[in-house]
Amino acid sequence: MIATNAPPYKLPTDFLWGFATASFQIEGATDADGRGKSIWDDFSKITGKTLDGRDGDVATDSYHRWQEDLDLLVQYGVKSYRFSISWSRIIPSGGREDPVNEAGIEFYSDFIDGLLARGITPFVTLYHWDLPQALHDRYLGWLNKGEIVLDFVRYAKVCFERFGDRVKHWLTMNEPWCISILGYGRGVFAPGRSSDRLRSPEGNSSTEPWIAGHSVILSHAYAVKLYREEFKAKQGGEIGITLNGDWAMPYDDSIQNIEAAQHALDVAIGWFADPIYLGQYPAYMKQMLGDRLPDFTPEELAVVKEAGGEDEFQGHVEYTFTRPDGTQLGTQAHCAWLQDYAPGFRDLLNYLYKRYRKPIYVTENGFAVKDEDKKTVEEALQDDDRVQYYRGVTSSLLAAVKEDGVDVRGYFGWSLLDNFEWADGYVTRFGVTYVDYETQKRYPKDSGKFLSQWFKEHVDNDKPSSIPATIVKV
Ligand code: GBH
């Protein structure tokens with residue numbers, strides 16, 4: 001039995017909790033119903049780009065199995081579900097003059113209706129890395145500010161128009177740091193540009209990431225402006241952005257180490273959060289990059305600052321770590337960049353709230369375990385490391401809200417399902433639900449049951465989970 005050690009206090013009734021996914025990681029059906037290609041379609045098929053050489057053509061087949069996914073969400077008793085819309089299903093060639101694909105609209109419209117019919121609040125990401133391939137071919141996507149901002153805003157507009165009557169929580173972008181650094185610096189994510197000529201025939205890692213990041217900030221800001229001016233009054237929703245960043249702590253109390261930790265936060269989170277919420281790039285970024293960091297025109301800066309206004313919120317994903325001297329705190333997950341260090345999660349929430357003073361939604365939080373080492377499905381479902389991880393972060397979450405007064409309004413575990421883990425292919429599993437990729441059958445893991453139970457106990461929840469309250473191990 002897994003005891004959740006319920007303390008005497010609870011999160012508020014309207015606290016949203018659930019699980020998160022992203023279109024390219026789960027949908028598959030890349031040819032269905034008029035979808036255009038995204039930059040991940042071909043990239044994931046290039047030898048060496050994914051660990052297991054597998055692509056996203058099938059993934060968890062959620063495009064066809066979405067009713068089953070809805071049933072799972074009901075089983076877990078979630079209040080909300082974070083998913084992303086595939087731009088190239090909505091506008092196959094991506095651009096502002098290109099036609100809208102009604103079949104794509106219908107798919108998401110039915111899905112949203114399905115959530116609402118089950119009392120689940122949709123939490124929608126507009127862009128989770130699957131840029132329409134046509135926009136990359138036409139003008140190099142995020143590297144072309146003059147084009148991409150207009151195209152993204154038109155895509156956002158179509159989504160607000162068609163889904164905004166029912167969707168009240170919008171995220172413009174998922175993790176601009178990953179888009180910029182991994183896609184245009186290290187070249188490990190699509191479109192795979194880099195100065196490393198062994199990796200990529202084209203690209204310039206010392207300039208392109210900052211240009212791409214700048215376009216992402218502007219696209220976010222102009223989409224927020226549009227939402228505020230044309231939709232918010234009648235639709236009454238809110239809109240924000242998901243930022244990622246590793247938590248960093250000084251090794252000791254020396255000034256150099258305190259500064260170094262702050263610089264690490266500046267170049268991960270501050271790069272995007274500072275312009276949006278504080279009105280300028282961090283001083284350290286300017287010092288580090290000089291002319292390579294693009295300037296905002298006065299008009300752009302006004303829009304960017306405005307996008308950080310009062311009702312704005314910040315989505316945030318966090319995987320805590322620290323490696324002060326080659327040693328590490330916390331349990332190593334089955335991927336190099338991730339360790340379980342729950343106190344860091346509480347510290348990070350406090351840091352964000354103190355610096356930016358905005359309500360926070362934790363839009364992803366998860367842990368990879370070595371599921372492939374397990375011999376049987378039954379063993380894979382007993383994901384003790386992941387349960388332990390979630391036990392730690394949920395208690396840090398509660399402490400941050402209740403003891404520290406941080407305004408956290410929602411929490412999403414990553415991920416509802418094992419799925420296409422980008423450059424890791426299907427080798428790394430993040431799901432709270434095991435997916436058998438032969439049969440596409442879904443099996444709730446202990447971690448999913450743990451979160452279901454934890455939130456049932458810790459939120460004034462009017463919708464109890466239908467999963468049994470205790471987990472009995474066989
Ligand atoms: C999330 O990002 C993504 O939003 C989600 O799609 C993904 O499935 C999930 O993580 C699990 O990976 O190139 O080795 O330096 C999490 C934040 C920050 C994790 C950057 C990977 C870089 C790895 N990411 N980090 S590396």
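Here is a short tour of this structure, stop by stop, for you to follow in your viewer.

This is a predicted model, so local features are described only at pLDDT of at least 70 and side-chain atom pairs only at pLDDT 80 or more, while totals for chains, interfaces and linings use all residues. Residues are numbered from 1 along each chain as its sequence is written, and side-chain values use heavy atoms, with hydrogens and water left out.

**Stop 1: rings**

Select Trp40 and Phe43. Their ring centres are 5.1 Å apart and their planes are at 85°, so this pair is edge-to-face. (Rings of Phe, Tyr and Trp, the latter by its six-membered ring, pair if their centres lie within 6.5 Å; planes under 30 degrees apart are stacked, over 60 edge-to-face, and the rest tilted.) Both residues sit in helix H2 (residues 39–43), 3 residues apart, which is about one turn of the helix. (Helices, H or I with at least four residues, and strands, E with at least two, are DSSP runs numbered from the N terminus.) Trp40 and Phe43 are both buried. (Buried means under 20% relative accessible area, exposed over 50%, and partly exposed in between, using a 1.4 Å probe and protein chains only.)

The charged end of Arg54 sits over the ring of Tyr437, 5.7 Å from its centre. (That takes NZ of Lys or CZ of Arg within 6 Å of the ring centre and within 35 degrees of the ring normal.) For another example, pick Arg357, whose charged end sits over the ring of Tyr353, 4.6 Å from its centre.

The structure holds 47 aromatic pairs.

**Stop 2: the ligand**

Click on the ligand. Which residues are closest to it? Of the 17 residues that surround the ligand, the closest are Gln25, Glu175, Arg186, Glu364 and Glu421. (A residue counts as near if one of its heavy atoms lies within 4 Å.) The shell divides into 9 nonpolar, 4 polar and 4 charged residues. (Ala, Val, Leu, Ile, Met, Phe, Trp, Tyr, Cys and Pro count as nonpolar, Asp, Glu, Lys and Arg as charged, and the others, Gly among them, as polar.) Helix H8 (residues 176–184) supplies the largest share of this shell, 3 residues.

Zoom in on Gln25: one of its polar side-chain atoms lies 2.8 Å from an oxygen atom of the ligand. Arg186 has a side-chain N or O atom 2.6 Å from a ligand oxygen. For Trp414, the distance from a polar side-chain atom to an oxygen of the ligand is 3.1 Å.

**Stop 3**

Ser415 is in the loop between strand S10 (408–414) and strand S11 (433–436). Pro191 is found in the loop between H8 and helix H9 (208–235).

Ala29 has phi near 45°, a positive value in a residue other than glycine, and lies in the loop between helix H1 (23–26) and H2. Is Ala29 buried or exposed? Ala29 is buried, at 10% relative accessible area. Leu140 has a positive phi of about 70° although it is not a glycine. Leu140 lies in the loop between helix H6 (133–139) and helix H7 (145–163), and counts as partly exposed at 31% relative accessibility.

How values were computed: A polar contact is a pair of N or O atoms within 3.5 Å; within protein, one must be able to donate a hydrogen and the other to accept it, and residues adjacent in sequence count only if both atoms are side-chain atoms.
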